[in-house]
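I opened this entry to record what I looked up in the structure. The notes follow the order in which I consulted it.

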Amino acid sequence: MAGVGVGPLQGMVRFGLLVLTVCAAGARGLYFHIGETEKRCFIEEIPDETMVIGNYRTQMWDKQKEVFLPSTPGLGMHVEVKDPDGKVVLSRQYGSEGRFTFTSHTPGDHQICLHSNSTRMALFAGGKLRVHLDIQVGEHANNYPEIAAKDKLTELQLRARQLLDQVEQIQKEQDYQRYREERFRLTSESTNQRVLWWSIAQTVILILTGIWQMRHLKSFFEAKKLV
């Protein structure tokens with residue numbers, strides 16, 4: 001009886017945790033330092049058919065003031081994105097501040113790389129650059145105020161649109177988790193088969209080695225007239 005009553009509650013709790021996980025993982029902001037022409041890459045797990053938006057801005061190190069200041073407009077930043085198969089999804093040159101967008105077509109780890117190809121940084125910043133990066137995945141990439149203004153949605157309609165987008169993103173996350181579990185299962189089965197065949201091969205080698213040693217020792221003892 002207790003299991004019947006707790007089951008739906010556990011389902012609601014799991015659903016709520018999944019929503020929180022998706023919401024927490026949907027938007028990530030950070031900053032990092034790079035040198036002249038140095039490339040910095042990040043790995044992002046993305047389900048298939050999911051839109052990703054990245055916003056970045058750069059700051060250059062001022063030697064005299066010893067602080068990071070907004071970069072000059074002439075500074076160039078190159079963004080490259082590769083899917084799990086190593087295919088280039090996006091490769092484009094941007095300015096010192098910009099926004100890049102792409103849609104995943106293969107679930108898995110996507111590699112997002114940024115690097116500056118400007119030599120002016122060495123003259124003005126001593127080769128030191130700070131990059132602020134904000135990556136938004138899935139429904140977090142949607143600009144709902146803009147959508148509401150464009151489609152003339154009421155607050156209730158906008159909220160319903162957000163919930164539908166969240167449900168769709170959760171379904172994509174669940175499909176991606178099933179995809180990862182299937183890959184893990186196939187990898188485990190392949191590994192177990194290799195271990196089994198390797199064990200069989202080792203056993204056969206040991207048996208053959210034992211037989212050879214027995215025959216060799218028998219021949220040795222016969223030669224010495226010990227048998």
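This is a predicted model: local features need pLDDT of at least 70, side-chain atom pairs count only at pLDDT 80 or more; totals for chains, interfaces and linings use all residues.

I found an open sheet of four strands, ordered E2-E8-E5-E6, with antiparallel pairing. I then asked which strands form its edges. They are strand E2, covering residues 39–46, and strand E6, covering residues 88–94, and each of these pairs on one side only. For the twist, I noted an average of 15° from one strand to the next.

I recalled as background that strands of a sheet pair through backbone hydrogen bonds, in either a parallel or an antiparallel manner.

Strand E5 spans residues 77–82 and is joined to E6 by six bridges, the two running antiparallel. Within this part of the sheet I looked up Lys 82 and found it opposite Val 88 of E6.

I then turned to the chain as a whole. How many helices and strands does the chain have? I counted four helices and nine strands. Read from the N terminus, the elements follow the order α-β-β-β-β-β-β-β-β-α-β-α-α.

I also looked up burial and surface. The chain has 227 residues, of which 31% count as buried.

My last entry concerns contacts along the sequence. Considering contacts in the chain with a separation of 6 or more, I recorded that 73% involve residues 24 or more positions apart.

Note on methods
Residues are numbered from 1 along each chain as its sequence is written. Side-chain values use heavy atoms; hydrogens and water are left out. Buried means under 20% relative accessible area, exposed over 50%, partly exposed in between (1.4 Å probe, protein chains only). Contact means heavy atoms within 4.5 Å. Two strands pair if DSSP finds at least two bridges between them. Axes are lines fitted to C-alpha atoms, for helices over the stretch in contact, and angles run from 0 to 180 degrees between N-to-C directions.
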